[in-house]
Structures are given as structure tokens and as C-alpha cells.
Amino acid sequence: MQLLVLWLCCCAVHFSAGGDASAMLEKAKAQLQRGESAKAEKSLRKVIRSSPHNGEAHNMLCRVRAQLGKFAAAEQSCAEVVRLNPGSGGAFANLAYMQELRGGDALAEAESNYRKALSLEPTNANAVGALPGILQRVGGQLQDLGRDKEAESKYAEAVRLNPKLGSVHQLLGGLQHKRGDLRAAEESYRKATKLSPIEAEAADVFKWLGLLQAARGASEEAISTLRRGVKLRRKSGRPAVSLVMNLGTMGDEHFRQARSEEFEVFSQACASAEKAGNEVASRLPEALKAVRRFEESADWIAPSLVEYAAIFGLSPVQGAYGAVWYPSFRDALAMARARGHPAEDDPGLVVVFGIALGEQCLFAVAAGMRCIGYELLCNSTVQPGRQMVEERSIPR
């Protein structure tokens with residue numbers, strides 16, 4: 001409610017009043033200065049009963065009612081000030097502010113009244129400061145209704161009026177990206193990452209900026225952008241791998257817990273497999289640890305996203321690799337093997353597509369089966385996966 005403090009002097013709404021009304025108005029001012037808002041409201045209502053066209057009293061009543069939380073009544077008082085003094089930009093700005101507080105359908109009215117305030121007083125500080133935020137909120141409403149073109153227009157005007165609104169650059173970039181204007185989207189994303197990096201990172205803007213840069217061949221710039229995104233994601237406490245993995249509705253904490261529990265079950269299964277004669281089983285838990293350390297590293301995330309853009313383009317679909325419970329995977333393999341009626345000496349063969357760093361192939365080996373993995377991200381994914389296998393002497 002800080003803006004309300006300015007209201008007593010922001011509108012030229014002074015009207016003459018009779019002696020009693022004038023004295024009561026001065027009493028209300030004194031009460032207001034002492035913080036006696038409820039008493040001031042009663043005094044102002046008395047002034048208005050005896051002098052209904054006293055714009056200053058209506059203006060003060062609007063402020064007092066807002067301080068008391070009577071926003072609907074405050075808006076009515078502000079509207080009366082506008083009616084009495086239609087040439088006051090400040091009066092329109094105050095009415096717009098009350099409509100802004102009401103939100104919802106009133107935001108369009110607030111936008112209109114801020115525009116009227118500026119047409120009357122182009123330097124009105126309240127309107128100049130508030131209009132970009134209103135445009136952002138109205139744009140959001142239009143976007144929710146699927147009216148992207150109108151929403152983009154509101155966002156573009158908002159950043160023209162206030163170029164420092166990083167969140168609006170982000171929203172604008174999203175709509176430009178959606179309609180295929182990739183160079184404009186890249187520029188908007190770039191501004192968002194500079195002006196509000198934390199908010200931009202939470203919305204995957206660093207990721208999409210990096211992908212756009214990679215798509216036009218600026219690989220080094222893309223790598224730098226993506227590394228910064230990984231750093232900020234880690235700093236926020238989120239799993240860095242969520243930049244390349246779709247966690248769906250799982251959520252960060254549930255994901256971490258599931259992965260931890262999965263690792264414990266996997267380790268126990270490997271211990272049992274080793275006792276049953278699986279010679280490599282003891283090396284698999286450490287291999288899985290290595291994979292999961294690497295998939296949190298910018299050394300893998302940034303190059304893999306750049307390679308992803310080169311191969312698949314700019315599809316917004318993220319893979320769900322690695323988000324699989326080992327017990328479910330093991331049960332699926334057992335069922336397939338049973339239906340295939342393999343010979344006792346045939347360990348079975350598993351073919352995995354999109355193996356990323358090979359987690360599911362490790363699962364297959366732990367279950368005592370051979371595995372073939374097929375992955376298109378050769379440079380960023382297959383090569384380091386192969387190196388991890390070789391370092392731990394795991395047959396492949």
C-alpha cells in the first residue's frame with residue numbers, strides 16, 4: 001500500500017467547502033496524520049454529506065478506505081474523484097491502482113485508466129511506473145486464453161516502456177519462439193538471462209537460449225550459456241540433470257529420493273548376482289555412481305544439449321532417460337525372458353534405444369543379460385559412456 005501515501009498531493013482536486021465542512025476536513029487530516037483511519041473515514045463521510053462535490057474529501061476517503069482494507073469502497077471513491085475532476089491524471093492513476101489491486105477483469109480497466117492518466121500527465125510517476133506491470137499481467141491473461149498475438153503485443157510494449165523487466169523479456173521470448181521467430185526469441189532470452197538470471201534459470205531460459213545459439217552454429221557461445229545455466233541450477237538446489245531429463249510431476253525431492261532408493265535396490269541385486277556367479281556385478285554400483293556424478297556435470301550437460309540441437313533440432317520435448325526404477329526394469333526383463341523360453345545357457349539379449357549414459361544397460365547386465373544400446377548422441381554421450389565401461393572393465 002506504499003503508493004497510497006502519495007495520494008494526498010498527487011491530484012489537483014481541491015474544491016471550496018462551507019465553513020463546517022472545511023473544519024471537518026481539517027479534522028480528518030489531523031486524524032489521518034495520527035493514524036486514526038477509522039475516525040478519519042467518519043469525518044470525511046460527514047464532509048461529503050454536507051459538500052458532495054468536494055473532490056479533496058473523496059480523494060482522502062479513497063486513501064483511508066484503502067488503508068482500512070475496504071477496497072471496493074475505495075475504488076468507488078476514486079471513481080467519484082475522476083467524475084468530479086476528469087482533467088486530473090493523478091485521479092485516473094489512483095483509480096487505476098485500485099482496479100489493479102482488484103485484479104482479474106479489472107486489469108483491462110486499470111490499463112485504460114493508466115493510459116488516460118499519461119495522456120493527461122505524460123510524466124505522472126505512478127502511471128509511468130505501473131503501466132508496464134499492468135501490461136505484463138494483461139498479457140498473461142491473454143496468453144492463458146490462447147490469444148498469443150495480443151499477449152505478445154502487450155509484452156513488447158511493456159519492455160519498450162521499461163527495458164529492465166527481465167521476466168517480461170522471458171515471456172516475450174517464449175511467444176516469439178513459439179511462432180518461429182528464433183532470432184527475436186534469442187535476443188529476448190538473452191536480455192532475460194542478464195536482467196533476472198535466477199528467474200530465467202527456473203524457467204529453463206538458459207537451456208533454450210543455448211539451444212537457439214547451437215541451432216545457428218554458435219556452439220562455443222551455446223556451451224558458455226548452458227554452463228552458466230547448470231551453475232545456477234545447482235546453486236538453486238535443483239538437480240542439474242533436470243535440464244535434459246523430464247521429471248514430469250515427480251518433482252525434485254521425489255526424484256532424488258527415488259534415485260537413492262533405486263541405487264540401494266540395485267546394489268543389493270548386484271551383491272546377490274555376484275554370489276550367483278556374475279563376475280562383473282560387484283563393479284556395477286560404482287559404475288552407476290560414476291554415471292550419476294557425470295550426469296550432474298556441465299561437462300556432459302552442455303555438450304549433450306548442443307549435440308541434441310544439432311541432431312533433433314529445437315523440439316521442446318525432453319527425454320525421460322534414467323527416470324526408471326531398477327526393480328521394474330528387472331521384472332520387465334524377467335517377463336520377456338520367460339515368454340521367450342530361452343535355453344538355460346542363454347543369458348538373453350536386451351536392446352535399449354536412447355540409453356543416454358547407459359544406466360539401463362547397467363541394469364540389464366546386473367540382471368544377468370547381455371545388452372545392446374543405441375544412442376544418437378555419439379560425441380557427448382556414447383564416448384564418455386564407453387570410457388566409464390572400459391575404466392571399470394565391464395564387458396561390452
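Under the rule that rings of Phe, Tyr and Trp (its six-membered ring) pair if their centres lie within 6.5 Å, with planes under 30 degrees apart counted as stacked, over 60 as edge-to-face and the rest as tilted, the count comes to 5 aromatic pairs. This is a predicted model, in which local features need pLDDT of at least 70 and side-chain atom pairs count only at pLDDT 80 or more, while totals for chains, interfaces and linings use all residues. Residues are numbered from 1 along each chain as its sequence is written, and side-chain values use heavy atoms, with hydrogens and water left out.

**Aromatic rings**

- One of the aromatic pairs is formed by F266 and Y326, whose rings are 5.1 Å apart from centre to centre, with 85° between the planes, an edge-to-face arrangement.
- This pair links distant parts of the chain, since F266 belongs to helix α15 (residues 252-275) and Y326 to helix α18 (residues 326-340), 60 residues apart; helices here are DSSP runs (H or I, at least four residues), numbered from the N terminus.
- F266 and Y326 are both buried, where buried means under 20% relative accessible area, exposed over 50% and partly exposed in between, using a 1.4 Å probe and protein chains only.
- The ring centres of F329 and F363 lie 5.6 Å apart and their planes meet at 65°, so this pair is edge-to-face.
- F329 in helix α18 and F363 in helix α19 (residues 359-366) are 34 residues apart, and their pair also links distant parts of the chain.
- Both F329 and F363 are buried.
- Taken together, F266, Y326, F329 and F363 are linked by ring pairs into a cluster.

**The disulfide**

- A disulfide is a covalent bond between the sulfur atoms of two cysteines.
- When a disulfide is taken as a pair of cysteine sulfur atoms within 2.5 Å, the count for this model comes to 1.
- The two partners are C62 and C78, and their sulfur atoms are 2.0 Å apart.
- Because the torsion about the S-S bond of C62 and C78 is about -60°, the disulfide is left-handed.
- The bond links distant parts of the chain, with C62 in helix α4 (residues 55-67) and C78 in helix α5 (residues 71-84), 16 residues apart.

**Burial of cysteines**

- C62 has 0% relative accessibility and therefore counts as buried, and C78, at 2% relative accessibility, counts as buried as well.
- C270 is buried, with a relative accessible area of 1%, and C361 counts as buried at 15% relative accessibility.

Technical notes:
Helices (H or I, at least four residues) and strands (E, at least two) are DSSP runs, numbered from the N terminus.
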